[in-house]
Amino acid sequence: MGKVLSANLGYPRIGEKREWKKALEQFWAGKITKETFLETVKTLRLSYLKKQKELGLDLIPVGDFSLYDHVLDTAVLFGLIPDRFRTDEKEVSLETYFSIARGSKNAEASEMTKWFNTNYHYIVPEISNDTKPYLTSNRLVDLFNEAKEAFGIVAKPVIVGPITLLKLAKGYDQDHFRTLLDALIPLYVQVLSELQTAGAEWVQIDEPILVKEQTEEDLALFQDTYQAIKNGVPGLNILLQTYFEAVDDYEKVVQLPVDGIGLDFVYGKEANLAAIKAFGFPKEKVLAAGVIDGRNIWKTDLSTVLHELKTLLTFTGGDDKLWVTPSSSLLHVPVTVSNETELDPVLLNALSFADEKLKEIVTLANGLNEGEAAIEAALQKNSADLQALQQSAHRNNKEVQKEISRLSDELPARPGSFKLRQQIQADTFKLPPLPTTTIGSFPQTKEVRQARRNWRKGEWSEEQYEQFIKDETAKWIQIQEDIGIDVLVHGEFERNDMVEYFGEKLAGFAFTRFGWVQSYGSRCVKPPLIFGDVSWKEAMTVKESAYAQSLTKSPVKGMLTGPVTIYNWSFVRDDISQADVFNQIALALKKEVHALEEADIRMIQVDEPALREGLPLKEEKKAGYLHDAVYSFRLATSFVNNDTQIHTHMCYSEFDEIIETIDALDTDVISIEAARSHGEIISAFEDFEYKKGIGLGVYDIHSPRIPSVDEMKSYAERALKVLDPKVVWINPDCGLKTRRPEETIPALKNMVEAAQEVRNELSNRVGK
């Protein structure tokens with residue numbers, strides 16, 4: 001009999017201290033040459049392989065590393081280049097690759113959206129009905145050879161599967177799906193055949209789309225596709241990898257013509273385990289058991305999972321038919337706990353980042369191969385570490401638990417209807433038609449970041465830092481007034497991150513030094529750790545908002561991050577329900593909203609950009625999540641007076657299936673993106689009569705290009721075909737934190753001019 005193998009599905013790209021991000025941004029800024037950039041990222045890539053080998057992994061992936069995004073990599077591999085970026089060259093240049101992701105002077109970037117229900121964003125492939133895929137260059141062979149030559153690693157190449165790739169793409173008619181798939185399959189066969197020739201033994205093909213609902217026709221496509229691939233490379237072992245949930249059609253999926261099936265036993269644990277017990281598992285196939293959480297940062301309960309793996313072994317054809325893996329790529333977690341030296345030891349000892357998760361995988365595989373006694377010391381320490389956190393005062397705040405127990409099942413409600421509030425607020429604020437505003441943040445320049453570092457290091461006093469923030473706020477209040485924006489913001493110069501900032505001021509949160517993860521491109525975030533009961537300690541935003549309001553007669557919005565977004569953009573404790581954590585955060589924010597209202601801030605924006613991304617992948621789980629999300633938002637906001645205007649913001653979401661939930665939030669204004677999707681998001685409102693205020697994001701802030709007046713007008717005009725002009729606002733599609741002033745100011749001038757031109761056109765129509 002063989003042995004149980006330890007395997008990884010994907011490793012973080014960014015480096016322990018974001019070395020990858022820094023190299024990218026230096027290259028984009030022209031501070032390093034292309035050659036230096038490519039050599040730098042190669043060094044990083046090789047260091048990741050070396051580390052995984054030294055940790056003792058049996059199967060190490062290649063192809064998981066990317067210069068921007070793995071979906072973009074796959075699209076480029078097969079020549080799926082948007083027409084506006086096409087050149088005569090067969091191979092895609094680095095400049096073209098980055099232009100697709102970031103835009104160029106003459107072309108808009110491709111759309112970006114959430115990777116299933118994570119906070120990672122992928123670049124949406126653009127494919128037309130007559131697209132002719134072709135193989136540009138087989139980078140997977142290059143990466144495979146690189147690993148073999150450098151370290152003698154016979155790696156496991158990873159690629160996004162053809163069906164998931166097409167299902168996530170846009171631009172083609174559905175009746176062309178099969179034609180496009182048939183064109184892709186021979187190219188996949190060619191890639192895999194070349195890998196086999198290079199010496200690859202296993203290839204991991206990711207088809208996460210399988211955890212979503214599949215029709216009989218879909219399942220037939222999977223059967224035909226993988227039979228064709230298997231026929232094309234009969235000697236190569238193929239692992240069909242799923243993650244983020246259970247597969248609904250388990251008994252059919254495990255019979256697909258592949259050599260191994262990867263299943264998520266963390267987020268799809270109950271259903272996948274029940275299916276194996278009901279239908280068994282093919283004895284000739286490998287079961288890649290995703291038992292280590294690839295999306296959260298807590299240590300695994302090793303004793304419990306070891307028992308579960310022993311159960312799974314009874315269904316396989318032998319020890320060599322079971323792999324121990326993470327539940328998904330480790331892209332979604334930080335690199336290593338080893339650099340965290342300032343955390344409470346009780347918390348620190350309960351954490352597990354990518355490197356620690358790989359150690360857990362190796363430990364579990366060793367326990368299965370050598371017996372439980374061989375890992376007894378590791379099991380005992382693991383149990384003690386988890387128990388210490390659970391019994392700590394952080395997780396036993398009686399006052400918070402009492403507040404949660406008192407909550408009613410009835411949805412909190414505003415004192416007046418939207419129609420009544422709309423009239424009262426119109427009289428209060430006296431705004432013009434199509435009022436302009438921004439989402440909240442303004443450029444965090446080098447000077448802003450340096451000031452924060454000086455303050456955090458103790459090189460600046462509290463008074464020095466506070467004066468700097470006041471000066472920046474005053475400067476940007478004046479800029480907004482000069483541009484002619486109607487509703488102003490203070491700019492958020494005191495904030496590092498829209499979630500981290502609030503977590504630092506609430507009880508129940510902790511923060512790492514290097515716990516960074518990739519959100520999109522070079523944009524990395526450092527999610528807070530919600531490890532204890534959450535509670536409000538003191539006002540968090542009132543001072544800055546009140547100061548900004550004192551500088552102008554225009555209304556200034558108070559800016560908060562909503563409970564669901566704080567949850568979804570944090571690493572969250574897993575010992576209580578999601579609803580309870582939502583509501584703990586909401587109760588804390590309720591106190592902050594009250595403090596803003598008491599300070600006479602009459603517009604308060606409570607952003608929920610992550611509400612849609614947390615939507616469960618399974619239909620039967622969606623209603624419960626959305627109810628809990630609405631409840632927590634209204635718990636935080638519904639008590640305010642009718643003349644207090646509640647705003648929220650959502651970005652880069654597919655709104656169609658949550659449009660009723662957006663309405664149920666009962667905000668006065670919701671701002672959404674319209675530019676990055678090229679106005680397509682407006683279609684969600686064509687079939688639903690949305691009567692509340694809606695801010696159109698007519699300016700794509702994730703691209704350095706400055707959109708023209710006509711471009712922004714076109715998005716507004718499309719929206720006004722389906723929306724009442726009385727409820728429409730004009731704004732960028734997201735915060736401007738990552739942009740430079742020289743990009744931001746002219747873009748906002750164009751935005752205001754576009755709004756004014758559309759106002760004039762509306763006025764002329766009324767006059768006629």
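A charge sits over a ring if NZ of Lys or CZ of Arg is within 6 Å of the ring centre and within 35 degrees of the ring normal. With that in mind, select Lys-17 and Phe-514: the charged end of Lys-17 sits over the ring of Phe-514, 5.1 Å from its centre. Next select Lys-470, which lies over the face of Tyr-547 at 5.2 Å from the ring centre.

Before going on, keep in mind that this is a predicted model, in which local features need pLDDT of at least 70 and side-chain atom pairs count only at pLDDT 80 or more, while totals for chains, interfaces and linings use all residues. Residues are numbered from 1 along each chain as its sequence is written, and side-chain values use heavy atoms, with hydrogens and water left out.

**Aromatic pairs**

Rings of Phe, Tyr and Trp (for Trp, its six-membered ring) pair if their centres lie within 6.5 Å, and planes under 30 degrees apart count as stacked, over 60 as edge-to-face and the rest as tilted. The count by this rule comes to 23 aromatic pairs. Select Trp-28 and Tyr-68, a tilted pair with 6.2 Å centre to centre and 45° between the planes. Trp-28 lies in helix H1 (residues 19–28) and Tyr-68 in the loop between strand E2 (61–62) and helix H3 (70–77), so the pair ties together parts that are 40 residues apart in sequence. Here helices (H or I, at least four residues) and strands (E, at least two) are DSSP runs, numbered from the N terminus.

**Around Ser-327**

Now move to Ser-327, in the loop between strand E10 (322–326) and helix H12 (345–348). Is Ser-327 buried or exposed? Ser-327 is buried, with a relative accessible area of 1%, where buried means under 20% relative accessible area, exposed over 50% and partly exposed in between (1.4 Å probe, protein chains only). Leaving aside residues up to four places away in sequence, Ser-327 touches several residues, among them Leu-9, Asp-264 and Gly-294; contact means heavy atoms within 4.5 Å.

**The sheet**

Finally, show strands E15, E17, E18, E19, E20 and E21, because two strands pair if DSSP finds at least two bridges between them. These 6 strands form an open sheet in the order E15-E17-E18-E19-E20-E21, and the pairing is parallel. The edge strands are E15 (557–561) and E21 (728–731), each of which pairs on one side only. Within the sheet, select E19 (residues 669–673) and E20 (residues 693–697), which pair in the parallel sense over 5 bridges.
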